[in-house]
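Visitor: I have a protein chain to look at and would like to talk it through. Can we put it on the screen?
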Amino acid sequence: MNLKRKIVAGLIVLSVLFVTRVHFLVPDLSLSKPQKVQKGYYDYQGVIHFHTSYSGDATGTFEEIAKVANRQNVDFMISTDHDTLQPLDDQKEGWYQNTLFLTGEELNVKEGYLLALDIQRHINVSGQEIEKVFENGAAQGGIFFLAHPNHPQWQWKSDREEGCSGQEVLDFADQWYTVEPMARLTGLIYYPINPGAGLLQLYHDPVETLKGWDSRISKKNFVGIFAPDFHQSVKILKGFKIPFPAVDKILPLAHDHILLHSPWTGNLKQDKRDLYAAIRHGHLFFSMDILGNATGFLFSARQEDQVVWMGDQLPAGVKTFFSVELPESAASRKTRIRVIHDGKPIFVTEDKAFHFQSASTGAYRIEVETLMPTFWGNEKSVVWIYSNPIYLRQ
């Protein structure tokens, strides 16, 4: 066998070994049925910020996407098509079998991009100062989130953000654009063989975005979310697009998990109100569920008889008992809990549950690390679960 054939044979063997290994370490979780009822609360998983055929640069109808969401047991979907609220006018909001579908819009303003949620009328941003845009949304009872806050091209280019309730911390489109070229290449190579493994190769901790979020939450309450931002659209030739990455492949990757005191009723008006209330208050965490569904994770705090969740605020200067509980899926994984206070790690543990005390002013949030398979068959440590903060304020 000549050298060329040996090299080809070696590459084939390495590829087979890697793909086989990835099939074990990254199983198909798209059909899993996580238990929604937890100890004293309900955990619903879904996604915020994706595009449908109502966006000029995207494909996929509400009905098509809803069919996938139902098959994968996704509890809620919030679309944000570009500068349009037409889906709401066309009465696309509602329950699609077991998935609650709501619609907002993504606004392109001169400062960057905004997600406008829980609004009833399209917000025309043409010629409007950002303060007027925020006023328009507030008058409707809406919520604004910074989209792509640290993207190389689309980043938020202003400190005028007083009307925002939060920001994207993890966005798949940003991951695609900011990942190392070799990781992007290996992801594309393995996508046809194992789409979950291929997309996972693109994942990396959003270091700069986390720095910006930590800076904000040290001064004010600011909700963090995950956004898949899928378009299902890659232009091949003029007038011809392919649905890449396809919704059924990207949807299992990660989710926002909202926490509710009561289960959904099936009533659109009430369930919509409860979902947006949880988002407003930051009663949520987001996780790379392809590494293991994180349903059951909880970060809470107690002062005397008062118990609060992530997103809530308690008085500073009072002894506060914090609690971190990992989900059942963590039992078989190597994990590490990291407690971060105003951007600085203060505790690190490999325990599956952790309790600590503090009375110091600031924002406390949790990152849970686990191991992720890589192209070469080794593993690297990445963040699996991101909590929203619990705040102690004067």
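Visitor: How much accessible surface does the chain have, and what share of it belongs to carbon and sulfur atoms?
Guide: This is a predicted model, and its chain has an accessible surface of about 17,600 Å². Carbon and sulfur atoms account for 54% of that surface.

Visitor: What share of the residues is buried?
Guide: Of the 394 residues in the chain, 56% are buried.

Visitor: How many helices and strands are there?
Guide: The chain has 10 helices and 22 strands. Its radius of gyration is 21 Å, close to the 21 Å from the globule rule for 394 residues, so the chain is as compact as a globular protein of that length.

Visitor: What size of box do the C-alpha atoms fill?
Guide: Along the principal axes, the box is roughly 75 × 50 × 40 Å.

Visitor: And the contacts, what share joins residues at least 24 apart?
Guide: Counting contacts between residues at least 6 apart in sequence, 71% join residues at least 24 apart.

Visitor: Now a helix. Which residues of H8 are buried?
Guide: H8 covers residues 207-217, and its buried residues are Thr209, Leu210, Trp213, Asp214, Arg216 and Ile217.

Visitor: Why are they on the same side of H8?
Guide: Because they cover an arc of only 160° around the axis, these residues sit on the same side of H8.

Visitor: What about the surface: which residues make a nonpolar patch?
Guide: Met182, Leu185 and Ile189 make one of about 300 Å². Methionine 182 belongs to helix H6, residues 181-190.

Visitor: Why does methionine 182 count as exposed?
Guide: Exposed means over 50% relative accessible area, and methionine 182 counts as exposed because its relative accessibility is 55%.

Visitor: Where is glutamine 97 found?
Guide: Glutamine 97 is in the loop between strand S3 (94-96) and strand S4 (99-109). With a relative accessible area of 68%, glutamine 97 is exposed.

Visitor: And aspartate 229, what is its phi?
Guide: Aspartate 229 is not a glycine, yet has a positive phi of about 50°. The loop that holds aspartate 229 runs between strand S8 (223-227) and strand S9 (234-237).

Visitor: Is aspartate 229 buried or exposed?
Guide: Aspartate 229 is buried, since its relative accessible area is 5% and the cut-off for buried is under 20%.

Note on methods. Residues numbered from 1 in each chain as written. Predicted model: local features only at pLDDT ≥ 70, side-chain atom pairs only at ≥ 80, totals over all residues. Heavy atoms only, no water. Buried < 20%, exposed > 50% of the residue type's maximum accessible area, 1.4 Å probe, protein only. Helix = DSSP H or I, 4+ residues; strand = E, 2+ residues; numbered from the N terminus. Arc of directions from axis to C-beta. Patch = residues over 30% accessible without salt bridge, like charges linked within 9 Å, V, L, I, M, F, W, Y side chains within 5 Å. Areas by Shrake-Rupley, 256 points an atom, 1.4 Å probe, with all protein chains shown as cover. Salt bridge = Lys/Arg side-chain N within 4 Å of Asp/Glu carboxyl O. Rg over C-alpha atoms; globule rule 2.2 N^0.38 Å. Contact = heavy atoms within 4.5 Å.
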